[in-house]
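User: Can you walk me through the ligand site and the core of this one? Keep it quick.

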Amino acid sequence: MTGIDRPIVLVGLMGSGKSTIGRRLANSLKLRFVDADEEIEKAADRTISEIFDEYGEKQFRDGERRVIARLIGKDPIVLATGGGAFVNDDTRALIKRDALSIWLDADLETLVERVSRKDTRPLLRNKSPRDVLTKLAAERNPLYAEADLRVTSANGPHMATVERILEALA
Ligand code: S3P
């Protein structure tokens with residue numbers, strides 16, 4: 001395994017497994033794991049849904065960029081980002097400059113199945129996850145494709161995806 005000298009940033013749609021895979025990847029690489037959404041919630045003392053409701057998505061994106069800038073400016077870590085982070089031009093430029101980015105690419109069925117386990121995402125509230133994810137995939141996949149690496153996050157054990165990332169990093 002080559003030495004990791006930059007933060008590793010996981011990007012991809014909601015349900016692509018960024019947090020779970022990120023935690024396991026960090027464990028394998030003996031790096032600290034950080035979840036950007038959790039850091040945003042701590043900094044704002046509000047849930048992501050509350051931030052969307054009280055301040056709107058634009059403010060959330062600004063806060064998200066500030067939190068990510070702070071997190072990737074220091075030691076190598078594994079950072080899971082929210083699905084919209086790499087879509088924001090400023091945040092994407094920052095990640096591309098300071099980190100190694102990995103797109104976790106999952107098929108629609110897998111995404112829909114995974115997001116259905118947690119119903120706290122503001123962009124999915126009162127909507128069909130399948131419709132939202134179909135639209136977001138069309139809009140966002142060309143941007144996720146700008147990541148340094150693309151790894152398939154298939155249905156099944158997350159550890160298999162972690163192994164694929166480790167192979168790609170070796
Ligand atoms: C979002 C994804 C969420 C969270 C917010 C917005 C998005 O994170 O940041 O609800 O725009 O795709 P996850 O990708 O971890 O669900």
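**Binding site and core**

Analyst: UniProt, in an unreviewed entry, puts the feature "binding site" at Asp37, Arg61, Gly83 and Arg140. UniProt positions use the numbering here, feature names are shortened, and annotations may be inferred rather than shown by experiment. Residues count from 1 along each chain as its sequence is written. The model is predicted: local features need pLDDT of at least 70, side-chain atom pairs count only at pLDDT 80 or more, and totals for chains, interfaces and linings use all residues.

User: Which residues surround the ligand?

Analyst: Met14, Lys18, Asp37, Ile48, Gly82, Gly83, Gly84, Arg121, Pro122 and Leu123. Near means a C-beta atom, placed from the backbone, within 6 Å of the molecule.

User: Where is Gly83?

Analyst: Gly83 sits in the loop between strand E3 (77-80) and helix H5 (89-98). Helices (H or I, at least four residues) and strands (E, at least two) are DSSP runs, numbered from the N terminus.

User: Is Gly83 buried or exposed?

Analyst: Gly83 counts as buried because it has 22 C-beta neighbours inside 10 Å. The cut-offs: buried at 20 or more other C-beta atoms within 10 Å, exposed at 12 or fewer, partly exposed in between, with C-beta atoms placed from the backbone.

User: And what about Arg61?

Analyst: Arg61 has 17 such neighbours inside 10 Å, so it counts as partly exposed. Arg61 is in helix H4 (residues 57-72).

User: Switching to the core. How many residues are in the largest nonpolar one?

Analyst: 36, with Val9, Leu10 and Ile102 among those with the most contacts inside it. Such a core joins buried Ala, Val, Leu, Ile, Met, Phe, Trp, Tyr and Cys residues through C-beta atoms within 7 Å.
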